[in-house]
Amino acid sequence: MNPVLAFDDVGKSFTLHLRGGVTLPVIAAASFTVDPGECVVLGGASGAGKSSLLKMAYGNYRCARGAIRVRDGDRVVDVATAEPREILALRRRVVAYVSQFLRVIPRVGARAVVEAAGIEGGLTAEAARTRAADLLARLALPERLWELPPATFSGGEQQRVNIARGLIAERPLLLLDEPTASLDAGNRAAVVELIRERRAAGAAILGIFHDADVREAVATRIVDVAGFRPAAAA
Amino acid sequence: MTGEITGEMTGVSGPLLDVRGLTKRYGPRRACDGVGFTLHPGEVLAVVGESGSGKSTLLGLIAGEIAADAGTVSYRMRDGVTRELAALGAAERRALMRTDWGFVRQDATQGLRMAVSAGGNVGERLMGVGARHYGRIRAEALDWLARVEIDADRVDDPPTRFSGGMRQRLQIARNLVTAPRLVLMDEPTSGLDVSVQARLLDTIRGLVAELGLAVIIVTHDLAVARLLSHRVLVMRGGRVIETGLTDQVLDDPQAAYTQLLVASVLTA
């Protein structure tokens, strides 16, 4: 099968100029693929570079070495070398990224934030409106909050808005960075259900999940990032 | 940077604006030193850096208000032909600035006619493109005042009676009424109260997306760059020291100076 996402010998280090130019190697050589219908979960201790891999795939971390190939229809884009415009086009059409934190937009209500992500992802205004309501309801965000800007929400409420944003447009590649971190058991189950639906529909999913029960419920395969560590730090 | 941009992404081929090697010296100091970039339709580019970094000089050079010592600015005109701005005649250039370009200034008193009513400020740009029918000009002015959330009953007030936030809204209406394709913004939200700033940013964000504007926004505020822009250009001492996708530059800054800028932001 043609992978949607392929890491090919990817390396990453951070040079901290404010700390005397010290270089922190994070990933030495990461190679793995994610096929349609797969949910690959990154395993390994915290600080092992799991989030960095997701961010490189989304393009908000740079990739110093290797290639990160994302399939966009019958084209393949290497995120490591793509122009900003090409990465933005991938984000509209192919890749959704759900982080632990919602970047709040002033004065825009929760439902509108989710709808906007749907429209940007190609849904009609009407479809976006229906689907935003459906997702927020499934994620049990109280309806009285829908018209309010999420800035004042609790962490768990913001996270559910974030998940709804990430899932509203059915993109072929989902990057999930601990989407259930601050959710209670009931909400975790709702998120698990949504992820399994997207997986069954053929999405390729790459995720980080600290809860063992969530990991068990969604993963088709675990990739241990310890194997990608630089020798000195492993 | 290299890479072909497909027409499918932009709807057209080639950039709207192509800036190359722009340089301006004031005595021995280089306010702008070999700055180059391209901007495509609908793209929002933020130019960030501290005061004195040359970012406002860059805007002045692009707009042709400051004469460059070296470098070129080329723009794809509405007829699809790319022209070098320095080669345009004075009248042609004025017409371009009045219609297809907008310039929202940090100091509203430089971007508005302070003795003229709000409606007149918007209407003047329309008359500049040939509108003569008073009723239609007034109706269009009222429509634009509403779009930037200025109440209709303020249409006859001059901007001297407006708050700082309202003046910036009026500048935006005045600039956008002629449906420009490129808008330059010089620190449009600085000096405003935080709540006023948030509202103005939201207005700008909405209009830019709705109208598909190409924007160059100069700001010292990284949060403004994050909220509004697709790409960032980091300037220091007149030079571009880092450029790229906005979240990439802000989340994974490479240059020492960019790391310092990002690390210096206060978070509430």
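**Figure 1. Contact of helices α3(A) and α4(A).** In α3(A), the residues R111(A), V114(A), E115(A), G118(A) and I119(A) meet A125(A), A128(A), R129(A), R131(A), A132(A), A133(A), L135(A) and L136(A) of α4(A). Sorted by class, this contact of α3(A) with α4(A) holds eight nonpolar, one polar and four charged residues. The model shown here and in the other figures is predicted. Helix α3 of chain A covers residues 110-120 and helix α4 of chain A covers residues 125-138; the two pack at an angle of about 130°, and their axes are 8 Å apart. The orientation of α3(A) and α4(A) is therefore oblique. Their crossing is right-handed.

**Figure 2. Strands β1, β4 and β5 of chain A.** Strand β1 (residues 5-16) of chain A pairs with strand β4 (residues 65-72) of chain A through five bridges, in the antiparallel sense. Opposite L5(A) stands V70(A) in β4(A). β4(A) also pairs with strand β5 (residues 75-78) of chain A, again in the antiparallel sense, over four bridges. Here R71(A) has V76(A) in β5(A) as its bridge partner. The hairpin of β4(A) and β5(A) has two residues between the strands, and G73(A) in this hairpin takes a positive phi near 65°.

**Figure 3. Contact between chain A and chain B.** Chain A gives 18 residues to the contact and chain B gives 23 residues. On the side of chain A that touches chain B, the largest share comes from helix α2 (residues 84-93) of chain A, with six residues. By class, this side of chain A has nine nonpolar, three polar and six charged residues.

**Figure 4. Chain B as a whole.** Chain B contains eleven helices and ten strands. Its radius of gyration is 18 Å, close to the 18 Å given by the globule rule for 268 residues, so chain B is as compact as a globular protein of that length. The C-alpha trace of chain B spans about 55 × 45 × 45 Å along its principal axes.

**Figure 5. The six-stranded open sheet of chain B.** The strand order is β6-β7-β8-β3-β9-β10 (chain B), and the pairing is mixed. At the edges are β6 (101-104) and β10 (239-245) of chain B, each of which pairs on one side only. From one strand to the next the twist averages 15°. Strand β3 (residues 44-48) of chain B and strand β9 (residues 231-236) of chain B run parallel and are joined by four bridges. Within this pair, V47(B) has L233(B) in β9(B) as its bridge partner. Helix α7 (residues 164-176) of chain B packs on the sheet, where it touches β6 and β7 (182-186) of chain B. The direction of α7 makes about 170° with that of β6(B).

**Figure 6. The four-stranded open sheet of chain B.** This sheet has the order β2-β1-β4-β5 (chain B) and antiparallel pairing. β2 (29-39) and β5 (82-84) of chain B are at the edges with a single partner strand each, so one side of each has no neighbour in the sheet. The twist from one strand to the next averages 20°. Strand β1 (residues 17-26) of chain B is paired with β2(B) over seven bridges in the antiparallel sense. In this pair, L39(B) in β2(B) stands opposite L17(B).

How values were computed: Residues numbered from 1 in each chain as written. Chains lettered and ligands numbered in written order. Predicted model: local features only at pLDDT ≥ 70, side-chain atom pairs only at ≥ 80, totals over all residues. Axes fitted to C-alpha atoms, helices over the stretch in contact; angles between N-to-C directions. Parallel < 35°, antiparallel > 145°, perpendicular 65-115°, else oblique. Left-handed = near helix turned anticlockwise from the far one by under 90°. Contact = placed C-beta atoms within 7 Å. Nonpolar A, V, L, I, M, F, W, Y, C, P; charged D, E, K, R; others polar. Pairing = 2+ DSSP bridges. Rg over C-alpha atoms; globule rule 2.2 N^0.38 Å.
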